[in-house]
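Student: Could we go through the labels given to some contacts, and the criteria behind them?

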Amino acid sequence: MTAHVTVWFDGACPLCQREIALMRRLDRRGAIRFVDLRLPDATCPIDRAALLARFHAEENGRLLSGAAAFGAMWRAIPLLRPFGLLAGWPPLAPAFELAYRRFLHLRPRLQKLFR
């Protein structure tokens, strides 16, 4: 299967490394192309710093960020697809985005725990 979702991630972040490793294991169909932004040959659709500051994915030619990007990644994995559909459902999308923004505030502390 050809990847139909591209995910950019921070390969130097221990939290991100664990999460992407789990997503790779769950992505048995190879539906996601994972791009480590710390590699010099990584292709970036926008500024690398912007990609590192917030989670980004591309689905069906649309660049998404934050909770919407997580939703795209989850929709590509059959086991997580229900969560991805909920994250993309307009009545719930703002709640997912709020939760993602709160996570961003906790991320530095969580990264220290995983080092």
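This is a predicted model: local features need pLDDT of at least 70, side-chain atom pairs count only at pLDDT 80 or more; totals for chains, interfaces and linings use all residues.

Tutor: Residues are numbered from 1 along each chain as its sequence is written, and side-chain values use heavy atoms, with hydrogens and water left out.

Student: What makes Phe70 and Trp74 a tilted pair?

Tutor: Rings of Phe, Tyr and Trp (its six-membered ring) pair if their centres lie within 6.5 Å; planes under 30 degrees apart are stacked, over 60 edge-to-face, and the rest tilted. The centres of Phe70 and Trp74 are 5.7 Å apart and the planes are at 45 degrees, so the pair is tilted.

Student: Why is the pair of Trp74 and Phe96 called edge-to-face?

Tutor: Their ring centres are 6.4 Å apart and the planes stand at 65 degrees, so the edge-to-face label applies.

Student: How do you know whether Phe96 is buried, exposed or partly exposed?

Tutor: Buried means under 20% relative accessible area, exposed over 50%, and partly exposed in between (1.4 Å probe, protein chains only). Phe96 has 23% relative accessibility, so it counts as partly exposed.

Student: What makes the contact of Glu97 and Arg54 a salt bridge?

Tutor: The term requires a side-chain nitrogen of Lys or Arg within 4 Å of a carboxyl oxygen of Asp or Glu. For Glu97 and Arg54 the N to O distance is 2.5 Å, and the contact is a salt bridge.

Student: Why is Glu97 called buried?

Tutor: Its relative accessible area is 16%, so Glu97 is buried.
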